[in-house]
Amino acid sequence: MSRCQAVARPLARQLRQQCAIRPFTTGAARAAAEVQQQQQASSTPAQQPSALDLDPNSVLPEFEADLIKAGKMPVGSRRRRVAMRTTASIPFEQLPYQAFQEARAILAADRQEKVAKIQEELAKIAALESKDAALVKGGQSMKDTKLASLRRYVEQLKIQADINDPLVKKRFEDGLGDMNKPIYRHYAERKWRSYDYRLITQRIKQFNIVPDVLPKLDPVADVQLYFRHAKIPPGNVVDSLVSEHPPRLRVQVFDAGARLVSLVVLDADVPDAENDAFSKRCHFLAANIPLSPDQTSLPLSRITADDQLAVPWLAPFSQKGAPYHRLGIYLLQQKPGATIDVAQLKQLYAARDGFSLKSFRDKFSLTPVGFNMFRSVWDDNTAAVMARHNLPGADVEFRPTRVHSLKPPVKPRGWEAKRQGPAYRHLWKYTKRIKGLSNARGWTKRR
Amino acid sequence: MRFFTIQRPILAAVAGISRPSVVNSVVAPLGAQLANALVEGRRNASVKAQGAYKKKSKRGIPNKLGAKRTGDQFVIPGNILYKQRGTHWWPGENCIMGRDHTIHSMATGYVKYYRDPAKHPDRKYIGVVFNKDDTLPYPLHAERKRKLNKTVHTIRTEVAKAEVSPSGIPFEVTRVEAGEPDRLLRLRSDYSYREDNWRIGRLVKTTGLKTKAFRTRKQWFRHRRWRREREIAGQKEAEKKRAESGGGGKVMKAISKKAAKKAAKKAGKKAK
């Protein structure tokens with residue numbers, strides 16, 4: 001504090017006490033009264049610390065020393081602590097800060113403007129809808145384009161109206177946002193795109209999901225994977241004992257409305273030793289699963305209905321020595337209003353092996369919207385899991401095939417090699433049984 | 001030079017004229033000699049040699065760069081396909097590039113030299129395909145062609161060893177003593193029970209003894225070097241002292257400065 005301020009401070013305090021504080025809200029007035037009371041109280045010498053004085057967030061300067069002695073450091077500045085004392089009981093929107101309230105007024109005005117604009121656009125849409133297509137320049141196609149464009153603009157405005165509301169932001173960050181409202185979906189999508197989307201696209205690229213399983217895959221929904229209540233980051237290797245039971249998915253879609261989706265869990269690395277190649281296997285297939293922005297939990301074990309479950313969960317396994325298996329979870333959106341005949345699916349894909357997601361997608365005109373993946377390798381529990389589910393192949397292992405050199409074998413050279421035969425029997429004591437050199441199968445090159 | 005080329009007929013004429021006139025003379029006149037030398041292309045030592053820098057050296061060590069396998073040739077993993085300085089060629093399908101930009105094969109198959117505008121507009125690639133008829137690059141968004149490169153073998157299970165020898169006594173016994181680690185004793189061919197030598201060696205760790213004063217060999221050598229340096233320095237000092245005190249005989253005891261001062265003070269007090 002500068003000297004000048006130090007001199008002026010008691011004076012200012014006197015003045016402040018005399019002139020009436022202009023209350024901004026009732027809360028502020030109450031706070032001011034409280035502050036005054038406290039000031040009066042603090043002027044009296046002997047006093048007991050209140051509950052607020054024992055809290056490091058709201059301790060007054062005179063009780064700081066006691067608190068520090070007790071091992072609790074006061075939090076923040078003294079100004080902040082006084083503010084915390086006075087504003088704890090005031091709702092957020094009524095906080096007695098003039099700049100804050102002014103800013104809120106500006107934001108409210110902006111929101112009014114946006115709402116008015118929305119109404120205007122909605123009126124336009126209604127007018128255009130009621131208009132005959134023949135009267136619109138460009139015919140039916142132009143009318144549809146215009147309507148779509150207007151609706152898109154309305155959606156944008158809906159987000160714009162609420163995007164500056166601190167309470168909306170707070171509610172979203174507390175996880176209380178209503179996903180049926182566009183603003184919360186907007187926030188959620190922005191959050192997802194900032195990290196999880198990038199991660200999942202990286203996994204799609206680095207694990208070659210895109211050329212191997214689908215020619216194109218750009219997820220638009222957030223799919224999270226949980227095994228036994230533990231979230232599995234995409235691409236992690238999951239123990240076969242953990243993945244024995246079907247996982248739970250948390251699916252968040254960012255566009256409005258309910259829709260039906262199909263769910264496929266596909267192993268893209270089934271070793272095929274006869275053809276010296278890899279094939280694919282379907283580990284789970286379900287269709288007609290309802291999904292909407294506010295329904296996020298999707299436990300695979302709960303999908304049991306006859307018109308949903310086509311191929312039940314098969315525990316992922318990997319044989320010994322085989323490279324890791326990529327198990328992808330693919331969420332495919334069905335056409336609006338279209339349901340898939342699950343009996344047909346059962347008939348088509350009961351064999352599991354040789355499942356092609358590309359052909360499944362084309363056959364039922366689906367669009368892939370969500371993706372997640374995990375990996376499975378041979379581990380200590382795999383043999384037991386395979387035995388439990390009657391899966392053959394736990395007793396075999398894959399070993400790398402030896403590739404022999406293209407060069408012709410060369411005769412061993414050297415003094416000893418030349419003297420290995422019986423003609424040099426008198427030299428055998430020098431040419432045989434050489435330390436550190438196996439000579440059992442004839443003279444060999446030292447490895 | 002130009003002068004001479006122009007004047008050559010004249011010079012020749014001069015030479016022709018001069019020759020018959022001095023038929024018997026052994027040495028031709030100096031001017032004519034010079035002219036002749038120039039005409040014939042001889043060079044005397046007084047004239048500096050030129051142009052040697054243009055001659056290439058006859059032999060050097062060849063780098064042996066270039067293609068080591070032609071297109072469609074059969075290769076196995078690890079084969080060198082192309083040696084180069086810099087990246088004239090890039091590794092394509094089933095190939096990798098080594099530390100010195102050498103292209104190696106990574107699969108058993110057939111070599112293909114190709115361009116892939118989808119990957120890079122002006123790079124040349126070397127790839128290996130599994131089928132000789134395939135052409136590179138493979139179509140965009142097509143599934144990768146992969147080979148398992150593994151064969152199936154039944155897992156060998158270890159045969160459980162009998163715990164008791166044919167003579168009815170166990171192969172292994174454990175000696176348990178309080179306050180000591182358990183010791184595993186094994187039956188030997190002479191029917192004695194003895195611990196494995198490597199297990200005995202492990203026991204050192206359980207004692208908590210510090211066998212080495214120095215953590216690393218380097219530290220030990222450094223310490224030895226310093227110790228020797230200190231010793232040599234001390235010996236030199238002692239030698240100097242000895243020389244000062246009259247070449248041998250009684251050696252003065254080394255006293256620190258502080259101690260000397262104290263002794264002097266004490267002596268002074270006594271004198272008083």
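Predicted model: local features only at pLDDT ≥ 70, side-chain atom pairs only at ≥ 80, totals over all residues.
Residues are numbered from 1 along each chain as its sequence is written, and chains are lettered from A and ligands numbered from 1 in the order in which they are written.

I begin with the sheet. Five strands of chain A form an open, antiparallel sheet in the order β7-β5-β4-β8-β9; strands are DSSP runs of E, at least two residues, and helices are runs of H or I, at least four, numbered from the N terminus. Two strands pair if DSSP finds at least two bridges between them. Because β7 (309–311) and β9 (367–376) of chain A each have a single partner strand, they stand at the edges with one side lacking a neighbour in the sheet. Within the sheet, β4 (residues 259–272) and β8 (residues 325–333) of chain A pair over seven bridges, and S262(A) stands opposite L332(A) in β8(A).

I turn now to the cores. A nonpolar core is a set of buried Ala, Val, Leu, Ile, Met, Phe, Trp, Tyr and Cys residues joined through C-beta atoms within 7 Å; buried means that 20 or more other C-beta atoms, placed from the backbone, lie within 10 Å of the residue's own. The largest core has 48 residues, of which V264(A), L266(A) and L331(A) touch the most other members. Strand β5 (residues 277–291) of chain A gives the most to this core, with seven residues. Apart from this core lies another, of 13 residues, including L81(B) and Y125(B).

Definitions and conventions:
Buried ≥ 20, exposed ≤ 12 C-beta atoms within 10 Å, placed from the backbone.
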